[in-house]
Amino acid sequence: MGQYLEALVPHIANSLEVHLFVPNHFKGDIGNAILHNFPTGETKPKALFKLLNPFLAKKIWNEIVEVKPDLIYLFNGEGYPWVLFWMVWNTKVSIPFLITLHDPEPHPGNLWEVLNGKFRKFVIKRAKSIHIHSNQFLETTKQLGAKDVIVIPHGSFADRFLQYKQNNINNIKREKAALFFGRLEAYKGIDILIEAGLLLNGKIKIIIAGPGKLPPTLLDKINQNPTIFELHNYFLPDSKVAELFQRASVCVLPYKQVTQSAVPLIAAAFGVPVVASAVGGFLEDIPRVGGLLVSPNDPAALAKGIEQAIGITPLYPHELSFLYISREFIKWFQNNI
């Protein structure tokens, strides 16, 4: 979410007055936007305690209203307790509420996602307009009660990582390796990827990179097969991400469910072809970069797809840079004031 804000907000702030209300831990570059910080907990339980505090919610709401905004754009957390309070209090001032719905279908296996999915209907029904990233979820979003839905594709974060490419390119060799990059979550199909890696049996190395907790059974398989798997289980600095994409010959996304992802565009910008499960937002995202779609939950199909994808020249849609994407957001805002 922080990377998204850093990519989007500076462009919008060049055209509109933007007041950005974000947690204290956000340290991103927001250009000409005016920053307003609010406290959150250092852990999820502490953060939940603060989110349940109506007095803190009211304090922030008063600060928002004091700005006298023409509209309120909620970027994330549409089902969080504070937002439920804000929607009620907004009946007195009637400020247009716009929302980006990152995940029209909540990701399975995540308690926060489940709770957010249950409470957000109250907010979605009262918002003036909802933004989603893929046409695949138009009907789903309407069924949640959205009055108006706009589709703006996910923009590219590639420049964030490409700035490190030239520094290392002479020291990095492209390998016969498939890279999975992103937070390690159950719905992303790491178990399917590991089974596919075992089927490939070292012909193509499987690099798994990102923060998150893997089940002991999957960790054991990775540790027992060091010639097949390479694990980087931490939050990677941007320079390390660039290094891994320069090493890889294919980017693999074996998701079981997906609404949107920044990874296909990053891979394409590095000249790395993509193979992904034929689910959700990938049905639009992967053809857009010239990648391959394979049957979900099928290790054999994934292994075959990884082999087939190597050597494909990806497409990089420059029109999805945030310079251009931000213009669509500005039009959306202006149409709803």
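Where is the place of His102? His102 sits in the loop between strand S4 (97-100) and helix H5 (111-126). Helices (H or I, at least four residues) and strands (E, at least two) are DSSP runs, numbered from the N terminus.

Before I continue, a word on the source. This is a predicted model, in which local features need pLDDT of at least 70 and side-chain atom pairs count only at pLDDT 80 or more, while totals for chains, interfaces and linings use all residues. Residues are numbered from 1 along each chain as its sequence is written, and side-chain values use heavy atoms, with hydrogens and water left out.

I return to His102. With a relative accessibility of 4%, His102 counts as buried; buried means under 20% relative accessible area, exposed over 50%, and partly exposed in between (1.4 Å probe, protein chains only). Its side chain reaches the backbone oxygen of Phe75 at 2.7 Å. That is a polar contact, meaning a pair of N or O atoms within 3.5 Å; within protein, one must be able to donate a hydrogen and the other to accept it, and residues adjacent in sequence count only if both atoms are side-chain atoms. Leaving out residues up to four places away in sequence, His102 touches Met1, Tyr4, Phe75, Asn76, His133, Thr259 and Gln260. Contact here means heavy atoms within 4.5 Å.

The next residue is Arg120, in helix H5. Is Arg120 buried or exposed? Arg120 counts as buried, because its relative accessibility is 2%. Its side chain has two backbone partners to show you. A polar atom of that side chain lies 2.7 Å from the backbone oxygen of Asp103, and the side chain also reaches the backbone oxygen of Pro104 at 2.6 Å. Beyond residues up to four places away in sequence, Arg120 touches Glu78, Gly79, Leu101, Asp103, Pro104, Glu105, Pro106 and Leu144.

I turn now to the nonpolar interior. A nonpolar core is a set of buried Ala, Val, Leu, Ile, Met, Phe, Trp, Tyr and Cys residues joined through side-chain atoms within 4.5 Å. The largest such core has 82 residues, and those with the most contacts inside it are Ile208, Phe245, Ile306 and Phe329. Helix H1 (residues 2-13) gives the largest share of this core, seven residues. Apart from this core lies another, of 27 residues, among them Leu56, Leu74, Trp82 and Val149. As for Phe329, setting aside its neighbours within four places in sequence, this residue is in contact with Tyr4, Leu8, Ile12, Tyr73, Thr100, His131 and Ile152.

Next comes the empty space. Rolling a probe the size of a water molecule over the atoms shows where empty space is left. On a 1 Å grid over the protein atoms alone, a cavity is a set of points where a 1.4 Å probe fits but cannot get out, and a pocket is an open set with protein on both sides within 12 Å along at least five of seven lines; lining residues have an atom within 4 Å of a point. Grid points are joined across faces, edges and corners, and a volume is the space filled by probe spheres set on the points.

How many cavities of 30 Å³ or more does a search of the whole structure find? The search finds one. The largest cavity has a volume of about 60 Å³, and its lining consists of Pro153, His154, Ser261, Pro264, Leu265, Asp285, Arg288 and Val289. Helix H12 (263-269) and helix H13 (282-288) each supply at least two residues of that lining. By class, the lining divides into four nonpolar, two polar and two charged residues. Here Ala, Val, Leu, Ile, Met, Phe, Trp, Tyr, Cys and Pro count as nonpolar, Asp, Glu, Lys and Arg as charged, and the others, Gly among them, as polar.

The second largest pocket has a volume of about 390 Å³. Of the 18 residues that line this pocket, the closest to its centre are Ala7, Ser156, Phe157, Asp159 and Arg160. H1, helix H7 (158-162) and helix H15 (322-335) each supply at least two lining residues, and the largest share, five residues, comes from H1. The lining has seven nonpolar, six polar and five charged residues.

Most residues other than glycine have a negative phi. Lys68, however, has a positive phi of about 60°; Lys68 lies in the loop between H3 and strand S3 (72-74) and counts as exposed, at 72% relative accessibility. Ser94 also has a positive phi, near 55°. Ser94 is found in the loop between helix H4 (81-89) and S4, and is exposed, with a relative accessible area of 56%.
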